[in-house]
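Try each task before reading its solution.

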Amino acid sequence: MGYMGLDSWGESDCAADFVYVYRKATTMAQRRKLLDKELKDFANSYNTPGSVNIALAMEDGIVRRDDLTAKQLNKVRELLADLKLKSSAKYRDEWGDETNRLMHNDAYKRLLKVVFS
């Protein structure tokens with residue numbers, strides 16, 4: 001079905017699916033395996049990528065910083081920074097809808113603050 005917004009993980013089917021599975025994981029090894037899998041999901045224009053799903057879950061305290069390895073945390077940061085760049089004014093022509101571009105850019109800025117704090 002996709003996503004309606006990026007204000008919380010509940011607005012994205014993929015993020016909600018990730019949170020559901022993540023909450024069922026009982027060991028750190030299981031959680032980190034799920035995080036690795038999620039980081040490989042680049043999605044499409046109708047679904048949120050794994051890095052966004054992880055950051056949205058971090059924002060609500062579902063995924064804790066110490067759940068991620070340093071490598072995983074750096075990958076989340078790197079992928080979100082790339083999404084922020086690709087939604088910047090520099091790529092305005094590729095979006096078609098300025099309101100949508102700005103919404104995504106603002107969300108990626110917010111989520112970057114979450115993963116850097």
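**Exercise 1.** Work out the fold outline of the protein chain and how its radius of gyration fits the globule rule.

*Solution.* Start with the count: the protein chain has six helices and zero strands (DSSP runs numbered from the N terminus, H or I of at least four residues for helices, E of at least two for strands). The pattern along the sequence is therefore α-α-α-α-α-α. Next, the size: a compact globule of 117 residues would have a radius of gyration near 13 Å, and the 14 Å of the protein chain agrees (taken over C-alpha atoms; the rule is 2.2 Å times the number of residues to the power 0.38).

A note on the source: this is a predicted model, where local features need pLDDT of at least 70, side-chain atom pairs need 80 or more, and totals for chains, interfaces and linings use all residues. Residues are numbered from 1 along each chain as its sequence is written, and side-chain values use heavy atoms, without hydrogens or water.

**Exercise 2.** Find the aromatic pair and classify its geometry.

*Solution.* A search of the whole structure gives one pair. Phe 18 and Tyr 22 lie 5.3 Å centre to centre with 40° between the planes, so the pair is tilted (centres within 6.5 Å; under 30 degrees is stacked, over 60 edge-to-face, the rest tilted). Both sit in helix α1 (residues 13-24), four residues apart, which means about one helical turn separates them.

**Exercise 3.** Is His 104 buried or exposed, and which residues does it contact?

*Solution.* First locate His 104 in helix α6 (residues 98-116). Its relative accessibility is 3%, so His 104 is buried (under 20% is buried, over 50% exposed, partly exposed in between; 1.4 Å probe, protein chains only). Beyond neighbours within four places in sequence, His 104 contacts Tyr 3, Leu 6, Ser 87 and Trp 95 (heavy atoms within 4.5 Å).

Key
Rings of Phe, Tyr and Trp (its six-membered ring) pair if their centres lie within 6.5 Å; planes under 30 degrees apart count as stacked, over 60 as edge-to-face and the rest as tilted.
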